[in-house]
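Hello,

I am passing a structure on to you, together with some notes on it. Please have a look at it first and then read on.

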Amino acid sequence: MDKQLSILSQTSHAFASWMRDRLGKGFQHAELVYEEWCRTGKLTGHHPAFKNAQALLQEIIALTDFSALSLSSEQTDGKTGKFLLKTTDGLEIESVLIPMQAGGTLCVSSQVGCRMGCAFCETGRMGLLRNLKPEEIVSQLFVARFLLNFSVRNIVFMGMGEPFDNYDAVIQAFRILTDPHGFGFGPNHLTISTSGCIDGIYRLMNENGPLPNLAVSLNAPTDELRCKLMPITRKYPLSMLYEAIKAFCSQTGRQVLIAYVLIKGQNDSLAHADQLAHYLRGLDVKINLIPYNPQSNDRYQPPEQPILEAFTAHLRNQGYYTLLRQTKGQKIMAACGQLGNLELKRRRAALPRLPVVE
């Protein structure tokens, strides 16, 4: 039998073209298979087009890999949930389900681990084990929607890994997720978050077709401080990052989300707020402040509530649209920066890891 094609790895057009090339027919029928599978999570073959084409349907099915990653475990903290998916090579990735007023948000992973080495991130302490394939990224939505029955309105690439360190697979996943003949998400409902991989920002803004939203994890207003928290700053200093954000805003007409993790005694003073406001001046951005979430070590702590509120008010007073995020999922290590717990790291200790970005 010919090699099977993963239905979760392709757009509808690519999937149907692949089938036509092998069968010499069946483009429209393959598109119907794709559409029903992505929209319902099952295949009935009841479409009128298959009434006299059951043999063709069976040929398409025989050439299709319908599998998604297997669900390993699921945890909840209030309404927030985290689930683990096992890859075919025995690794696990974590995804988070976040209920929101305007519909649920799914936080997906793009890598097993991460090589950015951010000091405040649990995933960064794992190191990078490997990139995820497009179908492994898309599997996270498939499981959330059809196995866990979670109504997903928004998807954010803010789970394990640096999305732009796995650029091609992430963009392919974006194209699949926004395919109008498949999952059908509007591009504005997807957000890719980066720690500051400038090459990825420029590649993204020059892509053809619709684009996702962009979020940049900043976390410090000066190179000196950011180097301590985020080693990627040594490769891409803040001046370069500023120009990349400015170019993205100008070329796409999109506002960029600036994520800033507030860490007690590190980056949470009003002086830091002033420096942040000065750095962002001239950029079309909104700011998302995130209190540090405790992890497997006690190196950092979140600021007290009055400090959080003062920092927020200081930025708002300088004209910035600023949100102070409320922590969700902290008890199950599902909050921002917590993915990749000690148990996972111990099981993966024997696997090779790629070096931290310098």
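Below are some notes on salt bridges and on one asparagine.

This is a predicted model, in which local features need pLDDT of at least 70 and side-chain atom pairs count only at pLDDT 80 or more, while totals for chains, interfaces and linings use all residues. Residues are numbered from 1 along each chain as its sequence is written, and side-chain values use heavy atoms, with hydrogens and water left out.

Let me begin with the charged pairs. With a salt bridge taken as a side-chain nitrogen of Lys or Arg within 4 Å of a carboxyl oxygen of Asp or Glu, the count is 9. One of them joins arginine 130 to aspartate 89, with the closest N and O atoms 2.8 Å apart. Arginine 130 lies in strand β8 and aspartate 89 in the loop between β4 and β5, 41 residues apart (strands are DSSP runs of E, at least two residues, and helices runs of H or I, at least four, numbered from the N terminus).

Now to asparagine 154, which sits in strand β9. The side chains of asparagine 154 and histidine 189 are joined by a polar contact of 2.8 Å.

Best wishes

Notes
A polar contact is a pair of N or O atoms within 3.5 Å; within protein, one must be able to donate a hydrogen and the other to accept it, and residues adjacent in sequence count only if both atoms are side-chain atoms.
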